[in-house]
Amino acid sequence: MTALELDVTVRPRLRLALPQKDRPSFIEQLLPLAKENVSMIVVMRSNATEEELNAVLARIQEHGLKGRVTYGEERNIIGVIGAAIPPTLREEIERFPGVQEAVRITRPYKLAAREFHPQDTIVQVGDLAIGGGSFVVIAGPCAVESEEQIMTTAFAVREAGAHMLRGGAFKPRSSPYTFRGLGEEGLRLLAQARAATGLPVVTEVMTPTDVDLVARYADVLQIGARNMQNFQLLEEAGRSGKPVLLKRGMSATIEEWLLSAEYIIAQGNPNVILCERGIRTFETATRNTMDLNAVALARRRSHLPVIADPSHGTGKWYLAPPLALASLAAGADGVIIEVHPDPDRATSDGGQSLTCENFAALMPQMTALANVLGRRDARMLSARI
Ligand code: PEP
Ligand code: MN
């Protein structure tokens, strides 16, 4: 373990311990600093004087660094800009009167980093609170195919205990000759299923120009693995203000994944749910390799909720249940699973979709494991916020 890791993670630092209600405006205050690639932030006490602030700025300048002040309603913040931060600067600054705390920001992503925001971010979707020690189960077909298919699945997964419904209306497909989704009709069917079951829906948006349309129907926008680095799409989804489920690209590093989350948050939208969905490796026996390291590491490096997709992660329906359980054990804040009433006739991803019966059999195991791990149901947690 490097000294850097020790500094950031071993010592439990409940820094920037702002109440939940103060955090969105705090993120807005930090935005201009993140854009300047800030390396350290100094949070002044709410009663700090102008002289105390200037004294800190002067010391920062003595070190050949730039100090950038952002004035907030509650407190003022100084961002330290410059790469060569002396190792002892943080302690030095914290001894100044009027300083509440100083925090080093060492990662290239800033707003997505746990350094910036030590508490878990909780993404609120309807009555659900995703993140922060809860667990959420999202289930549904790969693609919305028909009214009967989506309604049957929605009722079945709700009955089994799922919290949210998934289903693609715009499908990214490797071949242009396969079923690519029902488009807006699929979105209408998802809205109908939500109205009938009360389950919030998540569905994929593939282009920046479709964001408005999809946001009108969906509770959560999904950005797929193939689009993880479609930066205009990330920004447009960020601007929509809707929660975004951001899948990890199949060949993306964890750092690239978190930098993509940064694009969304940098639009002032902190409601990002990360989703590990398996990566490409040398292994050909499974569609992808479920990277559970990434689940555990993303939770450590970032404050964002992390969920796992064992359906795409394995490509095999009979591997989805064990990997769903393993994901939960590895720290995932939830899972997203493909379920189809008749997988043999599915237009996409039938081979990795659970039947409604198999999904119903998995749910009690998920709940039992969640209890052992001390996780709360996302519905119960929301009641406490
Ligand atoms: C999906 O969720 O059906 C999907 C296409 O996922 P991914 O982008 O992870 O391949
Ligand atoms: Mn799929």
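The legends below describe close-up views of a predicted model. Residues are numbered from 1 along each chain as its sequence is written, while chains are lettered from A and ligands numbered from 1 in the order in which they are written. In this predicted model, local features need pLDDT of at least 70 and side-chain atom pairs count only at pLDDT 80 or more, whereas totals for chains, interfaces and linings use all residues; side-chain values use heavy atoms, with hydrogens and water left out.

**View 1. Polar contacts of ligand 1 with arginine and lysine side chains.** A polar contact here is a pair of N or O atoms within 3.5 Å. An oxygen atom of ligand 1 lies 2.8 Å from a side-chain N or O atom of Arg166, and an oxygen atom of the ligand is 2.9 Å from a polar side-chain atom of Arg226. For Lys247, the distance from a polar side-chain atom to an oxygen atom of ligand 1 is 3.0 Å.

**View 2. The shell around ligand 1.** Ligand 1 is surrounded by 13 residues (a heavy atom within 4 Å), the closest being Arg166, Lys171, Ala225, Arg226 and Arg277. This shell comprises 7 charged residues, 3 polar and 3 nonpolar, where Asp, Glu, Lys and Arg count as charged, Ala, Val, Leu, Ile, Met, Phe, Trp, Tyr, Cys and Pro as nonpolar, and the others, Gly among them, as polar.

**View 3. The manganese ion (ligand 2) and its protein donors.**

**View 4. Positive phi at Asn37 and Asp349.** Most residues other than glycine have a negative phi.

Note on methods:
Polar contact = N/O pair within 3.5 Å; in protein donor to acceptor, adjacent residues only side chain to side chain. Donors = N, O, S within 2.8 Å, 3.2 Å for Na, K, Ca; no water.
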